[in-house]
Amino acid sequence: MTRLNLVLLLAVLFSALYLVRTQYESRRLYVELEKTTALSRQLESDSDRLQVEKRAQATPLRVEQISKERLKMRTATPAITEYVTYKPAAAAGVARE
């Protein structure tokens with residue numbers, strides 16, 4: 001009878017230790033899940049913010065302003081526009097003769 005009691009005591013101790021380990025692992029995984037969820041929310045927020053900044057940087061007024069200031073570009077007017085016409089090579093050879 002004492003052997004049976006000893007085996008049962010060991011089984012209870014083993015199951016108690018296993019239960020403690022499982023609960024610890026469960027809590028650790030839950031904390032990791034919460035951290036990952038918070039990181040996901042932060043990344044989504046950053047992504048949204050960057051999209052807004054990207055749209056703000058690409059407005060036509062800003063593009064025009066930067067092209068004038070940094071690239072020294074100016075708007076095209078008929079006074080500064082040069083038109084080029086295309087003459088086929090065969091017609092140009094016939095015209096020379």
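View 1. Arg28 and Glu32 are four residues apart in helix H1 (residues 2-57), which puts about one helical turn between them. Helices here are DSSP runs of H or I with at least four residues, strands are runs of E with at least two, and both are numbered from the N terminus. By the salt-bridge rule the count comes to four.

A quick note on what you're looking at: this is a predicted model, where local features need pLDDT of at least 70 and side-chain atom pairs count only at pLDDT 80 or more, while totals for chains, interfaces and linings use all residues. Residues are numbered from 1 along each chain as its sequence is written, and side-chain values use heavy atoms, with hydrogens and water left out.

**View 2. Arg49 and Glu53 are another pair in helix H1.** The closest N and O atoms of this salt bridge are 2.9 Å apart. Arg49 and Glu53 sit four residues apart in helix H1, about one turn of the helix. Both ends are partly exposed: Arg49 has a relative accessible area of 43%, and Glu53 comes in at 39%.

**View 3. Helix H2 holds the Lys68–Glu64 salt bridge.** Here the N to O distance is 3.2 Å. Lys68 and Glu64 are four residues apart in helix H2, about one turn. Lys68 is partly exposed with a relative accessible area of 43%, and Glu64 is partly exposed with 35%. Over in another group, salt bridges that share partners tie Glu25, Arg28 and Glu32 into one network.

**View 4. Four leucines make a nonpolar surface patch.** Leu6, Leu9, Leu10 and Leu13 form a patch of about 390 Å². Patch members have over 30% relative accessible area and no salt bridge; like charges are joined within 9 Å, and nonpolar side chains (Val, Leu, Ile, Met, Phe, Trp, Tyr) within 5 Å. The areas come from the Shrake-Rupley method with a 1.4 Å probe, and for residues only the protein chains shown count as cover. Leu6 is placed in helix H1.

**View 5. Glu82 sits in a loop, out in the open.** Glu82 lies in the loop between helix H2 (60-69) and helix H3 (89-96). Glu82 is exposed, with a relative accessible area of 69%. From Glu82 to Val12, 70 residues apart along the chain, the C-alpha separation is 95 Å.

**View 6. Zooming out, the chain is three helices and zero strands.** From the N terminus, the elements run α-α-α. The radius of gyration is 39 Å, well over the 13 Å from the globule rule for 97 residues, so the protein is more spread out than a compact globule. That radius is taken over C-alpha atoms, and the rule is 2.2 Å times the number of residues to the power 0.38. The C-alpha trace spans about 125 × 40 × 15 Å along its principal axes. Of the 97 residues, 1% count as buried.

How values were computed. Buried means under 20% relative accessible area, exposed over 50%, partly exposed in between (1.4 Å probe, protein chains only). A salt bridge is a side-chain nitrogen of Lys or Arg within 4 Å of a carboxyl oxygen of Asp or Glu.
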